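Biologist: Could you take a close look at one part of this model for me? Here it is.

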Amino acid sequence: MPPLPPLLGARLAAMERSGDTAPDDSGGFDDALDDAELRTARAALAQGRRQAARSLLLHTGDDWDRRGHRLTALAREPYAVAWASDWLVAEPGSAEAATLYALAQVRRALRGKEDPDVAREACATAAARAPADPTPWLGRLRLARTLGPEHEVLGTFAELRRRHPEHHHAHHLLLARLAERPSGGRAAEDHEVYDLAELAAAEAPADSPLAVLPVVAYAERYRVLAATGLAAADPAASGHWSGPRARRILRAGFDWWLEWEHDEHPRRHIDLNHLAHALSCAGRPAEAAPLFQRIGPHATAAPWSYAHRDPRAAFRAARARALGPRKK
């Protein structure tokens, strides 16, 4: 991928953030998704027993997408900072403990409960302990995506991508920030976030889940347009997914899923939710139906929450249109 163009605009308008950075007030969405081992380790950690989490992370090794997914989920726990601090006392050289501590501090900073500089320093410390690991840089990117200046977003993404070019979470974070660029008077379907998403998808291997990035870009851009009054608050009535480019990327995303779906990718349910959401908003429930069947109980807050909707109600309504009503 060629170097990214600079972000436009010195300041971002106040708006709803993407689901990754918003406080988790859903009351029912589980960041662990279908990772049973992660849920077991998280439950043990909640009881003050860190051995299961330690073993889980050590066995995750350099499966970077899975490592980032697991550490981010563990870092969301209320006492993650305290757990990681105790772990560091017991094992001062542990890269896993340092990274968990860093991501937990990022989480606190994003919620306004910690100085962002403290979180940045913790990420730098974790990165120094594991130079090949992109996960400390994922923490730094999550922070920069919401609180950092433009050069920090792009520089951090470059560092992370150098360590793992196909990092799933990092690309989603970058698209969320790029979607907030001003349109510059371009036509609705000519925003540069779409160009970048399609370029990244085209340059990724054929079986890479980055193929769904153009669909993600449409959701993130809708979030911005709805927040600024340029799109209807009802996504199905907005016409956002009805243009020729939108139809093309939806067809490509759905076809990719039919041919290449990988059950083992740790964040695949995020892609499934994006595809189901886009097809539902485009008025294509028959195509959305098999996606809802694959999602099962693993709904995600984003993008169903966009335009400040109740994400669980929005998900259930779309699923009912595709599959018929179910008992709650």
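Leaving aside its neighbours within four places in sequence, which residues is His265 in contact with?

Modeller: Quick caveat before we zoom in: this is a predicted model, so local features need pLDDT of at least 70 and side-chain atom pairs count only at pLDDT 80 or more, while totals for chains, interfaces and linings use all residues. Residues are numbered from 1 along each chain as its sequence is written, and side-chain values use heavy atoms, with hydrogens and water left out.

Now, your histidine. Setting aside neighbours within four places in sequence, His265 is in contact with Asp65, His168 and Pro209 (contact meaning heavy atoms within 4.5 Å). With Asp65 there's also a side-chain to side-chain polar contact at 3.0 Å; that term covers a pair of N or O atoms within 3.5 Å where, within protein, one must be able to donate a hydrogen and the other to accept it, and residues adjacent in sequence count only if both atoms are side-chain atoms. His265 sits in the loop between helix H12 (244-260) and helix H13 (268-281); helices are DSSP runs of H or I, at least four residues, numbered from the N terminus. At 12% relative accessible area, His265 is buried (buried is under 20%, exposed over 50%, partly exposed in between, with a 1.4 Å probe and protein chains only).

On to the salt bridges, each a side-chain nitrogen of Lys or Arg within 4 Å of a carboxyl oxygen of Asp or Glu. By that rule you get 24 of them. Take Asp31 and Arg76, whose closest N and O atoms are 3.1 Å apart. Asp31 is in the segment before helix H1 (36-46) and Arg76 in the loop between helix H3 (64-75) and helix H4 (80-90), so this pair ties together parts 45 residues apart in sequence. Asp31 is partly exposed at 29%, whereas Arg76 is buried at 16%.

Arg67 pairs with Asp133, with 2.6 Å between the closest N and O atoms. Since Arg67 belongs to helix H3 and Asp133 to the loop between helix H6 (116-129) and helix H7 (135-147), the pair ties together parts that are 66 residues apart in sequence. Both ends are tucked away: Arg67 is buried at 4% and Asp133 is buried at 2%.

Then there's Asp195 with Arg245, at 2.8 Å. Asp195 lies in helix H10 (residues 192-203) and Arg245 in helix H12, so parts 50 residues apart in sequence are tied together. Here Asp195 is partly exposed at 35% and Arg245 buried at 12%. Finally, Asp117, Arg120, Arg140 and Glu152 are linked in a salt-bridge network.

Definitions and conventions:
Helix = DSSP H or I, 4+ residues; strand = E, 2+ residues; numbered from the N terminus.
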